[in-house]
Amino acid sequence: MHLTWLRSDLRIDDNTALSASTERGPTIALWLVSPGQWQAHDDADCKVDFWLRNLHDLRQSLEKLNIPLLIRTIDTWDQAPQAVLDICRQHQVQSVHWNEEYGINEQRRDDATRAMLEKSAIQAHSHLDQLFFRPGTVLTRSGDYFQVFSQFKKTCLEHLHRSLPALARRVKRQAPLNIGSDPIPQHVEGFGKTTPALRDHWPAGEAEAQSRLSRFLDETIDDYHHLRDLPAKPGTSQLSPYLAAGVISPRQCLHGALAGNRGEFDSGSTGVQTWINELLWREFYKHILSGYPQVSRHRAFRAQTEALPWRDAPADLAAWEQGRTGFPIIDAAMRQLLHTGWMHNRLRMVVAMFLSKNLLIDWRKGERHFMRHLIDGDLAANNGGWQWSASTGTDAVPYFRIFNPVSQSQRFDPQGRFIRHWVPELQELDEKAIHQPIKSTDLFGNTSYLSPIVDLSSSRQRALEAFKGLPRRQNQGITS
């Protein structure tokens with residue numbers, strides 16, 4: 001008997017560990033519920049709910065292949081090695097297979113599990129699955145992890161030109177086992193319920209993920225380089241929750257994109273090239289997570305930025321979190337996050353810069369708020385994006401480049417359609433006024449919209465002075 005330990009890889013097709021396990025012989029699958037660990041990681045209610053819904057779909061697919069899915073509950077990952085070993089002893093398991101995950105806690109969990117299994121004469125096999133390249137294999141000439149994306153991307157494309165990562169072999173139906181699948185929990189203690197509207201927005205299952213990929217490749221990808229910046233239009237793939245949970249693999253995305261572009265990475269459709277670029281950004285941040293583990297410990301990539309004089313401003317932070325800053329594009333984006341568990345990527349940068357620069361509030365508070373609400377919350381991508389925006393990270397935006405939310409709004413939502421959807425109190429304003437409404441009061445004294453909580457010009461100057469106050473020698477390293 002062999003065991004596949006499922007984690008962020010909730011799919012049948014192109015699942016490296018599952019494929020390798022079933023090729024060895026009869027296989028059972030395991031999923032560990034670990035609420036204490038998820039809470040420590042600030043995983044969102046909607047994200048945990050999304051996992052459970054995808055597990056329902058996955059269990060049905062596994063049962064068609066006669067692979068039982070076992071569910072065990074632990075509190076934290078410290079208990080994972082013993083839980084896996086207990087399953088192995090109960091079912092006389094010879095080998096355990098899992099797909100690699102990245103981060104300090106993930107690595108400790110897997111190392112401890114491997115040690116315990118091997119001590120009990122059970123083979124442990126980890127597989128590269130959620131990345132194109134194993135961290136540590138794409139390095140600079142001096143043998144270091146890349147810190148600049150453009151250089152990392154160039155090296156990755158050189159490797160991909162030589163050899164595309166192959167899809168895993170399809171899992172075949174095995175002979176029935178006398179082992180039943182466990183019921184999937186309806187909810188997990190400590191995590192709230194998700195609204196029906198949010199669930200409807202993100203249907204579960206591999207078929208849904210593949211349908212979204214096909215629709216994106218057929219209808220949108222050729223214009224992706226233009227449409228991806230327009231939050232009022234469906235110009236992105238909307239696949240990030242499915243990639244984060246492993247309901248679809250990056251290899252499937254890459255193969256699909258190349259198939260519609262005659263196999264070309266750097267010619268043909270500009271939209272395809274731009275989307276592959278985004279897949280490589282995802283890859284880059286996971287390599288950073290492995291090569292520079294301090295970012296897993298809530299530390300800035302650029303250590304000197306720890307000296308920044310962040311403001312303790314709970315009222316400003318709350319206004320930002322709740323979408324009531326008085327800046328329409330900021331408020332619309334933050335309300336989109338609260339209602340859908342997702343935010344348009346362009347707006348993630350805009351709101352992150354607003355918090356870390358205009359409000360001069362520690363980026364870690366924004367990072368945590370995002371993780372607590374994102375259905376596609378991913379430590380590497382979320383941390384990488386926040387540190388990029390705050391100019392504390394690798395290959396970060398220069399500290400003096402600060403997005404103006406009004407001009408960003410005018411440029412990327414010119415008609416105000418996105419704003420009107422999420423900030424309905426501004427629906428009656430014209431295309432010019434909606435980006436920067438002047439606070440008005442009706443005859444009865446009711447305020448139609450909030451006053452801006454900060455002055456953009458003076459707050460920008462405050463941020464510049466804070467960064468300039470860092471040691472000069474180190475401050476020069478905060479450019480890309």
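In the predicted model, ring pairs join F146, F149, F152, W281, F284 and Y285 into a cluster. The count of aromatic pairs comes to 24.

A pair of aromatic rings is described by the distance of the centres and the angle of the planes. For W31 and W51, the ring centres are 6.2 Å apart and the planes stand at 65°; because an angle over 60 degrees counts as edge-to-face, the pair is assigned to that class.

A stacked arrangement is found for W320 and F370, whose rings lie 6.2 Å centre to centre with 10° between the planes. W320 belongs to helix 13 (residues 314-322) and F370 to helix 16 (residues 363-371), so the pair ties together parts that are 50 residues apart in sequence. W320 is buried, as is F370.

Aromatic rings also take part in contacts with arginine side chains. R7 is positioned over the face of W5, at 4.5 Å from the ring centre. In a further case, R109 lies over the face of W77, at 4.2 Å from the ring centre.

Technical notes: Residues numbered from 1 in each chain as written. Predicted model: local features only at pLDDT ≥ 70, side-chain atom pairs only at ≥ 80, totals over all residues. Heavy atoms only, no water. Phe/Tyr/Trp six-rings, centres within 6.5 Å; stacked < 30°, edge-to-face > 60°. Helix = DSSP H or I, 4+ residues; strand = E, 2+ residues; numbered from the N terminus. Buried < 20%, exposed > 50% of the residue type's maximum accessible area, 1.4 Å probe, protein only. Lys NZ or Arg CZ within 6 Å of the ring centre and 35° of its normal.
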